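Biologist: I have this model open and would like to go through it with you. Could you start wherever you like?

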Amino acid sequence: MKKVRIIAVANQKGGVGKTTTAVNLSACLAEAGKKVLIIDADPQGNTTSGLGLEKNNVEKTIYEILLDESSIEDTIVGTCVDGLFIIPSNINLSGAEIELIGRDKREYILTEAVGKIKNEYEFIIIDCPPSLNLITINALTASDTVLVPIQCEYFALEGLEQLLHTIGLVKKRLNPSLEMEGVVFTMYDARTNLSMEVVEEVKKDLGDNIYKTIIPRNVRLGEAPSHGLPITMYDSRSKGAESYRLLAEEVIEKEWN
Ligand SMILES: Nc1ncnc2c1ncn2[C@@H]1O[C@H](COP(=O)(O)OP(=O)(O)O)[C@@H](O)[C@H]1O
Ligand SMILES: [Mg+2]
(Lines give C-alpha, C1' and ligand atoms only; values in the text may rest on other atoms or scores of the structure.)
(Ligands and ions follow the chains in the order given, each with its own letter.)
Protein backbone atom coordinates (compact mmCIF):
# COMPACT_ATOMS: atom_id res chain seq x y z
CA MET A 1 0.00 0.00 0.00
CA LYS A 2 1.22 3.48 -0.87
CA LYS A 3 2.18 5.56 2.10
CA VAL A 4 0.63 8.99 2.51
CA ARG A 5 2.42 11.93 4.11
CA ILE A 6 0.26 14.47 5.94
CA ILE A 7 1.89 17.88 6.23
CA ALA A 8 0.55 20.76 8.34
CA VAL A 9 1.67 24.19 7.11
CA ALA A 10 1.78 26.17 10.34
CA ASN A 11 2.97 29.44 11.81
CA GLN A 12 0.78 31.50 14.12
CA LYS A 13 1.94 34.68 12.44
CA GLY A 14 -0.29 35.91 9.65
CA GLY A 15 1.05 36.91 6.26
CA VAL A 16 4.18 34.75 6.30
CA GLY A 17 3.27 32.68 3.23
CA LYS A 18 1.42 29.68 4.70
CA THR A 19 -1.43 29.75 2.21
CA THR A 20 0.81 30.61 -0.74
CA THR A 21 3.04 27.68 0.19
CA ALA A 22 0.18 25.25 0.85
CA VAL A 23 -1.56 26.06 -2.45
CA ASN A 24 1.51 26.13 -4.68
CA LEU A 25 3.34 23.21 -3.07
CA SER A 26 0.15 21.15 -3.48
CA ALA A 27 -0.23 22.21 -7.11
CA CYS A 28 3.41 21.33 -7.84
CA LEU A 29 3.11 17.94 -6.13
CA ALA A 30 0.03 17.26 -8.27
CA GLU A 31 1.88 18.45 -11.38
CA ALA A 32 4.59 15.92 -10.50
CA GLY A 33 1.94 13.20 -10.72
CA LYS A 34 1.08 12.84 -7.04
CA LYS A 35 -2.50 12.56 -5.83
CA VAL A 36 -2.95 15.38 -3.35
CA LEU A 37 -5.62 16.58 -0.93
CA ILE A 38 -5.38 20.10 0.46
CA ILE A 39 -7.37 20.90 3.58
CA ASP A 40 -8.20 24.55 4.16
CA ALA A 41 -8.24 24.95 7.94
CA ASP A 42 -8.38 28.75 8.02
CA PRO A 43 -11.71 30.63 8.33
CA GLN A 44 -10.29 33.20 5.89
CA GLY A 45 -10.69 30.54 3.19
CA ASN A 46 -7.83 31.91 1.10
CA THR A 47 -6.75 28.44 0.00
CA THR A 48 -10.31 27.75 -1.11
CA SER A 49 -10.64 30.94 -3.18
CA GLY A 50 -7.00 30.70 -4.31
CA LEU A 51 -7.87 27.45 -6.05
CA GLY A 52 -10.84 28.94 -7.83
CA LEU A 53 -13.69 27.94 -5.52
CA GLU A 54 -16.33 30.46 -4.53
CA LYS A 55 -15.83 30.16 -0.77
CA ASN A 56 -19.25 31.44 0.20
CA ASN A 57 -20.98 29.07 -2.19
CA VAL A 58 -19.27 25.81 -1.30
CA GLU A 59 -21.76 23.32 0.02
CA LYS A 60 -19.71 21.62 2.70
CA THR A 61 -16.54 22.64 4.46
CA ILE A 62 -14.16 21.55 7.21
CA TYR A 63 -16.62 23.14 9.66
CA GLU A 64 -19.20 20.44 8.94
CA ILE A 65 -16.54 17.76 9.50
CA LEU A 66 -15.52 19.21 12.87
CA LEU A 67 -19.14 19.58 13.97
CA ASP A 68 -20.01 16.07 12.82
CA GLU A 69 -22.53 17.38 10.34
CA SER A 70 -20.92 15.81 7.30
CA SER A 71 -18.73 12.85 6.46
CA ILE A 72 -15.27 13.77 5.19
CA GLU A 73 -16.01 12.03 1.88
CA ASP A 74 -18.87 14.43 1.21
CA THR A 75 -16.75 17.55 1.71
CA ILE A 76 -13.97 16.71 -0.76
CA VAL A 77 -14.25 18.37 -4.17
CA GLY A 78 -11.99 18.73 -7.20
CA THR A 79 -9.98 21.84 -8.11
CA CYS A 80 -8.73 23.42 -11.31
CA VAL A 81 -5.58 21.27 -10.93
CA ASP A 82 -5.63 17.65 -12.11
CA GLY A 83 -4.95 15.34 -9.19
CA LEU A 84 -5.52 18.03 -6.57
CA PHE A 85 -8.60 17.80 -4.34
CA ILE A 86 -9.73 20.13 -1.59
CA ILE A 87 -11.71 20.31 1.61
CA PRO A 88 -12.83 23.95 1.54
CA SER A 89 -13.26 26.44 4.34
CA ASN A 90 -14.97 29.74 4.94
CA ILE A 91 -15.89 32.11 7.72
CA ASN A 92 -18.20 29.53 9.35
CA LEU A 93 -15.09 27.85 10.72
CA SER A 94 -14.49 30.77 13.07
CA GLY A 95 -17.43 29.55 15.20
CA ALA A 96 -16.20 25.97 15.50
CA GLU A 97 -13.90 26.37 18.47
CA ILE A 98 -16.67 27.67 20.72
CA GLU A 99 -19.10 25.01 19.59
CA LEU A 100 -16.59 22.32 20.42
CA ILE A 101 -16.19 23.39 24.04
CA GLY A 102 -16.68 20.39 26.28
CA ARG A 103 -16.66 17.93 23.42
CA ASP A 104 -14.85 14.68 24.21
CA LYS A 105 -11.57 14.08 22.36
CA ARG A 106 -11.98 17.32 20.45
CA GLU A 107 -8.27 17.45 19.55
CA TYR A 108 -8.69 14.25 17.52
CA ILE A 109 -11.70 15.08 15.33
CA LEU A 110 -9.64 15.80 12.22
CA THR A 111 -7.35 12.82 12.89
CA GLU A 112 -10.34 10.49 12.93
CA ALA A 113 -11.91 11.99 9.82
CA VAL A 114 -8.67 12.04 7.81
CA GLY A 115 -7.99 8.44 8.85
CA LYS A 116 -10.98 7.35 6.76
CA ILE A 117 -9.65 8.72 3.47
CA LYS A 118 -5.91 9.22 3.85
CA ASN A 119 -4.85 6.10 2.00
CA GLU A 120 -6.42 7.40 -1.19
CA TYR A 121 -3.77 10.16 -1.38
CA GLU A 122 0.00 10.47 -1.54
CA PHE A 123 0.11 13.87 0.12
CA ILE A 124 -2.35 15.69 2.35
CA ILE A 125 -1.47 19.34 2.97
CA ILE A 126 -3.25 21.25 5.75
CA ASP A 127 -3.23 25.05 5.61
CA CYS A 128 -3.46 26.22 9.24
CA PRO A 129 -4.97 29.46 10.58
CA PRO A 130 -2.68 32.18 11.99
CA SER A 131 -3.08 31.10 15.61
CA LEU A 132 -2.31 28.21 17.92
CA ASN A 133 -5.99 27.44 18.54
CA LEU A 134 -7.96 24.19 18.65
CA ILE A 135 -8.13 24.05 14.84
CA THR A 136 -4.33 24.21 14.58
CA ILE A 137 -4.04 21.59 17.34
CA ASN A 138 -6.41 19.36 15.34
CA ALA A 139 -4.23 19.85 12.26
CA LEU A 140 -0.98 19.10 14.11
CA THR A 141 -2.51 16.04 15.75
CA ALA A 142 -3.66 14.70 12.38
CA SER A 143 -0.29 15.28 10.68
CA ASP A 144 2.94 13.37 10.17
CA THR A 145 5.04 16.51 9.82
CA VAL A 146 4.95 20.29 10.20
CA LEU A 147 6.19 22.66 7.53
CA VAL A 148 6.93 26.13 8.90
CA PRO A 149 7.11 29.02 6.44
CA ILE A 150 9.26 31.86 7.71
CA GLN A 151 9.11 35.23 6.08
CA CYS A 152 12.49 36.85 5.56
CA GLU A 153 11.77 40.03 7.54
CA TYR A 154 12.89 41.68 10.70
CA PHE A 155 10.50 40.08 13.21
CA ALA A 156 10.62 36.67 11.54
CA LEU A 157 11.87 34.85 14.60
CA GLU A 158 9.40 36.39 17.00
CA GLY A 159 6.96 33.70 18.01
CA LEU A 160 9.02 30.87 16.55
CA GLU A 161 9.89 29.62 20.01
CA GLN A 162 6.23 29.50 20.97
CA LEU A 163 5.40 27.58 17.81
CA LEU A 164 8.16 25.03 18.48
CA HIS A 165 6.93 24.71 22.07
CA THR A 166 3.38 23.99 20.84
CA ILE A 167 4.66 21.42 18.36
CA GLY A 168 6.59 19.82 21.24
CA LEU A 169 3.47 19.71 23.42
CA VAL A 170 1.36 18.13 20.67
CA LYS A 171 4.09 15.54 20.12
CA LYS A 172 4.24 14.74 23.83
CA ARG A 173 0.52 14.62 24.58
CA LEU A 174 -1.44 14.03 21.39
CA ASN A 175 0.65 12.80 18.47
CA PRO A 176 3.97 11.14 19.41
CA SER A 177 4.94 10.51 15.77
CA LEU A 178 4.77 14.18 14.74
CA GLU A 179 8.03 15.30 13.12
CA MET A 180 9.43 18.56 11.85
CA GLU A 181 9.08 18.58 8.06
CA GLY A 182 11.23 21.65 7.87
CA VAL A 183 11.42 25.40 7.59
CA VAL A 184 10.84 27.12 4.29
CA PHE A 185 11.97 30.70 3.78
CA THR A 186 9.48 32.85 1.92
CA MET A 187 9.43 36.28 0.29
CA TYR A 188 13.19 36.35 0.10
CA ASP A 189 14.56 39.56 -1.36
CA ALA A 190 18.10 39.13 -2.61
CA ARG A 191 18.57 42.92 -2.60
CA THR A 192 18.39 43.22 1.17
CA ASN A 193 20.93 42.13 3.73
CA LEU A 194 18.05 41.58 6.11
CA SER A 195 16.77 38.56 4.17
CA MET A 196 20.22 37.00 4.37
CA GLU A 197 20.50 37.72 8.08
CA VAL A 198 17.17 36.04 8.82
CA VAL A 199 18.23 32.93 6.91
CA GLU A 200 21.55 32.76 8.78
CA GLU A 201 19.87 33.29 12.14
CA VAL A 202 17.36 30.47 11.65
CA LYS A 203 20.09 28.16 10.36
CA LYS A 204 21.89 28.56 13.68
CA ASP A 205 18.77 27.39 15.54
CA LEU A 206 17.23 24.79 13.27
CA GLY A 207 20.20 23.48 11.30
CA ASP A 208 19.19 20.41 9.30
CA ASN A 209 15.49 21.12 9.23
CA ILE A 210 15.71 23.77 6.55
CA TYR A 211 14.70 23.35 2.95
CA LYS A 212 17.39 24.37 0.47
CA THR A 213 14.81 25.97 -1.79
CA ILE A 214 14.15 29.56 -0.78
CA ILE A 215 10.98 31.16 -2.14
CA PRO A 216 11.73 34.62 -3.55
CA ARG A 217 9.44 37.60 -3.37
CA ASN A 218 7.70 37.37 -6.74
CA VAL A 219 4.92 39.63 -7.96
CA ARG A 220 3.25 36.81 -9.89
CA LEU A 221 2.87 34.77 -6.66
CA GLY A 222 1.00 37.69 -5.15
CA GLU A 223 -1.27 38.09 -8.18
CA ALA A 224 -2.23 34.44 -8.76
CA PRO A 225 -4.80 34.09 -5.91
CA SER A 226 -6.99 36.87 -7.27
CA HIS A 227 -7.31 34.82 -10.47
CA GLY A 228 -8.20 31.69 -8.48
CA LEU A 229 -5.18 29.88 -9.87
CA PRO A 230 -2.02 28.33 -8.46
CA ILE A 231 1.19 29.79 -9.83
CA THR A 232 1.75 26.76 -12.10
CA MET A 233 -1.37 27.73 -14.05
CA TYR A 234 -1.22 31.50 -13.67
CA ASP A 235 2.38 31.91 -14.83
CA SER A 236 4.08 28.58 -15.27
CA ARG A 237 7.47 30.07 -16.13
CA SER A 238 7.67 32.63 -13.37
CA LYS A 239 10.37 32.53 -10.70
CA GLY A 240 7.62 31.74 -8.19
CA ALA A 241 6.47 28.66 -10.12
CA GLU A 242 10.04 27.46 -10.58
CA SER A 243 10.83 27.79 -6.89
CA TYR A 244 7.71 25.95 -5.72
CA ARG A 245 8.52 23.15 -8.21
CA LEU A 246 11.96 22.85 -6.64
CA LEU A 247 10.42 22.79 -3.17
CA ALA A 248 8.01 20.04 -4.27
CA GLU A 249 10.96 18.00 -5.59
CA GLU A 250 12.71 18.34 -2.25
CA VAL A 251 9.55 17.35 -0.38
CA ILE A 252 9.09 14.29 -2.60
CA GLU A 253 12.73 13.23 -2.17
CA LYS A 254 12.53 13.58 1.59
CA GLU A 255 9.76 11.00 1.54
CA TRP A 256 12.27 8.23 0.89
CA ASN A 257 14.77 9.18 3.56
N1 LIG B 1 6.81 34.80 -2.34
C2 LIG B 1 5.90 35.76 -2.40
N3 LIG B 1 6.04 36.80 -3.24
C4 LIG B 1 5.12 37.79 -3.29
N5 LIG B 1 4.01 37.81 -2.55
C6 LIG B 1 3.79 36.79 -1.69
C7 LIG B 1 4.72 35.71 -1.58
N8 LIG B 1 4.25 34.85 -0.63
C9 LIG B 1 3.09 35.36 -0.19
N10 LIG B 1 2.80 36.53 -0.82
C11 LIG B 1 1.64 37.41 -0.56
O12 LIG B 1 1.73 37.83 0.79
C13 LIG B 1 0.45 37.82 1.40
C14 LIG B 1 0.46 36.86 2.61
O15 LIG B 1 0.72 35.55 2.15
P16 LIG B 1 -0.14 34.30 2.63
O17 LIG B 1 0.37 33.10 1.91
O18 LIG B 1 -1.60 34.59 2.50
O19 LIG B 1 0.26 34.24 4.16
P20 LIG B 1 -0.45 33.48 5.40
O21 LIG B 1 -1.26 32.35 4.86
O22 LIG B 1 0.70 33.01 6.25
O23 LIG B 1 -1.27 34.51 6.11
C24 LIG B 1 -0.52 37.40 0.33
O25 LIG B 1 -1.07 38.56 -0.23
C26 LIG B 1 0.33 36.67 -0.68
O27 LIG B 1 -0.21 36.75 -1.99
MG1 LIG C 1 -3.29 31.88 5.13
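Modeller: Strand β6 (residues 145-151) runs parallel to β7, and seven bridges join the two. Strands here are DSSP runs of E with at least two residues, helices are runs of H or I with at least four residues, and both are numbered from the N terminus. Two strands pair if DSSP finds at least two bridges between them.

Biologist: Which residue of β7 does Thr145 stand opposite?

Modeller: Thr145 faces Glu179 there.

Biologist: What is the order of the strands in the sheet?

Modeller: The sheet is open, with mixed pairing, and the order is β3-β4-β2-β5-β1-β6-β7. β3 (77-78) and β7 (179-186) are at the edges with a single partner strand each, so one side of each has no neighbour in the sheet.

Biologist: Where do the numbers come from?

Modeller: This is a predicted model, where local features need pLDDT of at least 70 and side-chain atom pairs count only at pLDDT 80 or more, while totals for chains, interfaces and linings use all residues. Residues are numbered from 1 along each chain as its sequence is written, chains are lettered from A and ligands numbered from 1 in the order written, and side-chain values use heavy atoms, leaving out hydrogens and water.

Biologist: New topic. How many helices are there?

Modeller: The protein has twelve helices, along with seven strands.

Biologist: And what share of the residues is buried?

Modeller: Of the 257 residues, 54% are buried, meaning under 20% relative accessible area with a 1.4 Å probe, protein chains only.

Biologist: What about contacts between residues at least 6 apart in sequence?

Modeller: Of those, 78% join residues at least 24 apart; a contact means heavy atoms within 4.5 Å.

Definitions and conventions: Buried means under 20% relative accessible area, exposed over 50%, partly exposed in between (1.4 Å probe, protein chains only).
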